[in-house]
Amino acid sequence: MLFELELFGIAIGVGALGGMLGIGGGVFIIPILTVLLHVPIKLAIGASLVSVIATSSAAGAVYAGHGLTHSKLAMVLEIATTSGAIAGGLIATSMNERWLEGLFAGILIVTAFGMGRLKPDAESSGPTGRLDTSFLDPVSGARVRYGVRHLGIGMGASVAAGGLSGLLGIGGGVIKVPIMTLVMRIPLKAAVATSNFMIGVTAGTSAIIYFSRGYVTPYLAVPTALGVLIGAGIEPRVGRRVRSSAVKRIFEVVLVVFAAQMLWKALHG
Amino acid sequence: MAELWGSRPSPSQERRRIDALVHVVLLVGGGAAGVLLCGAILVSFIERRGLPRQADGFAEIVRSLAHLQPAGLASLGLVLLILTPVARVVGSIVAFVVAKDLRYVLITSLVLSLMIASLLLGQG
C-alpha cells in the first residue's frame with residue numbers, strides 16, 4: 001500500500017511538471033518507474049499509456065467547448081497514428097526489455113534537446129483550400145481561419161508518432177505538434193488541441209494491446225493515472241509563472257541523466 | 001449543456017448538439033472511470049492490502065463485481081478508461097452521420113476498425 005501511495009505522490013508531481021514544461025508526463029514517469037522503483041519497463045509503459053489516456057480525455061473535455069480541435073484533420077491523421085500504434089504495441093510487447101530501455105534513452109535525449117525550441121508564433125498559412133476551418137481565439141476574441149499544407153508529410157510523421165506511442169508509452173505530441181505547426185502550418189493553439197485529441201485515441205489503441213497481454217497492472221496504473229491527472233489539473237494554477245529558460249535547462253539535464261541511467265540499464269541489466 | 005436543447009436546429013447547430021452530446025458521454029465515461037479507480041484505492045486501503053498486481057479479463061471483472069472485490073473495481077475502471085477513446089471515435093462517427101458527411105463517416109469508421117483490430121491482434 002505504501003508503494004502505491006508513494007507512486008501516487010510522484011505521479012502528481014510528474015503531471016504538474018509535464019504540463020509546466022509542455023511535454024507529456026511519460027518521459028518522466030517511465031524512467032522513474034524503471035530506474036528508481038525497479039519496475040519492468042513493459043509494465044511502466046502500460047501504466048504510462050493509461051495516464052496518457054486520462055490526461056487526454058480530461059484535456060479534451062476542456063478544449064471541446066472552445067472548438068479549437070480540428071476533428072476532421074485529427075481523424076485523417078488518426079488512420080496513420082493508430083496504424084503505427086498497433087505496430088508499435090505488437091512489437092514492444094514481444095521485444096526484449098533491454099532494447100526498449102535503449103530506445104527510451106534515445107527518445108529522452110531527443111525530448112531534452114527539442115524542449116523549448118518550438119516558437120509559439122510559428123506562421124500559420126491561412127486558408128489553403130484543403131481542410132479549411134476556423135476557431136475563435138480565446139485570448140484575442142478574433143476568428144482565426146486556416147487550412148492545411150503538406151498532408152502527406154503529416155501522415156508519415158503520424159505513423160512514426162503512433163509507433164513511438166505504442167513502443168514506448170509516450171503521447172507522441174513531441175513529434176506531432178512541431179510537424180503540425182512547422183510543416184502543416186496550422187496555428188499552435190489548434191495544433192495542441194488537435195494533438196491532445198489524437199493522443200488519447202492513439203494511446204487507447206496501444207493500451208488495448210498492453211491490457212490484453214497483461215501489461216496494465218492495477219497497482220501501477222491506478223495510482224499513476226490518478227496522480228498524473230490531478231497533477232495536470234493543478235498545474236494551470238501554480239505553473240504559469242515557472243516558464244523561465246533556467247528551469248527548462250535544469251529539466252533538460254534531468255532528462256539527460258535519466259537517459260544515461262536507462263542506457264546503463266539497457267547495457268548492464 | 002444548453003446546446004442539447006432548443007428549437008429549429010440548423011445543420012451547424014445540429015452538429016454542435018452532437019458534439020455537446022459526445023462531450024457529456026466523455027465526461028460520464030471518464031468520470032465513472034475516475035470514481036471506480038478512487039473506489040478501488042479506498043477499498044484496498046480499508047482492507048489494508050495493496051492494489052491487485054494483475055488486471056482481470058472481462059469475464060473475471062463481472063465475477064469480481066458480484067462479490068464487491070477491489071480487483072473488479074480497479075480492472076473495470078481501467079477498462080472504462082481505456083475504452084473512453086473508442087467511445088469518442090464512435091461519437092464522432094455519429095456526428096459525421098448526422099452532418100451527412102459520408103467521406104468522414106468512412107474515414108472515422110476506418111479509425112474505429114483499426115482500434116477493433118488492436119483488440120483482436122492483442123489477444124494473439
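Helices here are DSSP runs of H or I with at least four residues, and strands are runs of E with at least two. With that in hand, welcome to chain A, a predicted model with ten helices and two strands. Of its 269 residues, 55% are buried.

**Overall layout**
- Following the sequence of chain A, the order of elements is α-α-α-α-α-β-β-α-α-α-α-α.
- Among the contacts in chain A with a separation of 6 or more, 79% join residues 24 or more positions apart.

**Where H4 meets H6**
- A helix pair worth a look is H4 (residues 71-93) with H6 (residues 151-168), both in chain A.
- The axes of H4(A) and H6(A) are 6 Å apart, and the two helices pack at an angle of about 35 degrees.
- H4(A) and H6(A) cross in a right-handed sense.
- In the contact of H4(A) with H6(A), 13 residues are nonpolar and twelve are polar, while no charged residues take part.

**A stop at Val110**
- Which helix holds Val110(A)? Val110(A) belongs to helix H5 of chain A, which covers residues 97-114.
- Leu73(A) is 37 residues away from Val110(A) along the chain, and the C-alpha atoms of the two are separated by 26 Å.

Conventions
Residues are numbered from 1 along each chain as its sequence is written. Chains are lettered from A and ligands numbered from 1 in the order in which they are written. This is a predicted model: local features need pLDDT of at least 70, side-chain atom pairs count only at pLDDT 80 or more; totals for chains, interfaces and linings use all residues. A residue is buried if 20 or more other C-beta atoms lie within 10 Å of its own, exposed if 12 or fewer, and partly exposed in between; C-beta atoms are placed from the backbone. Two residues are in contact if their C-beta atoms, placed from the backbone, lie within 7 Å. Axes are lines fitted to C-alpha atoms, for helices over the stretch in contact, and angles run from 0 to 180 degrees between N-to-C directions. A crossing is left-handed if the near helix is turned anticlockwise from the far one by less than a right angle, and right-handed if clockwise. Ala, Val, Leu, Ile, Met, Phe, Trp, Tyr, Cys and Pro count as nonpolar, Asp, Glu, Lys and Arg as charged, and the others, Gly among them, as polar.
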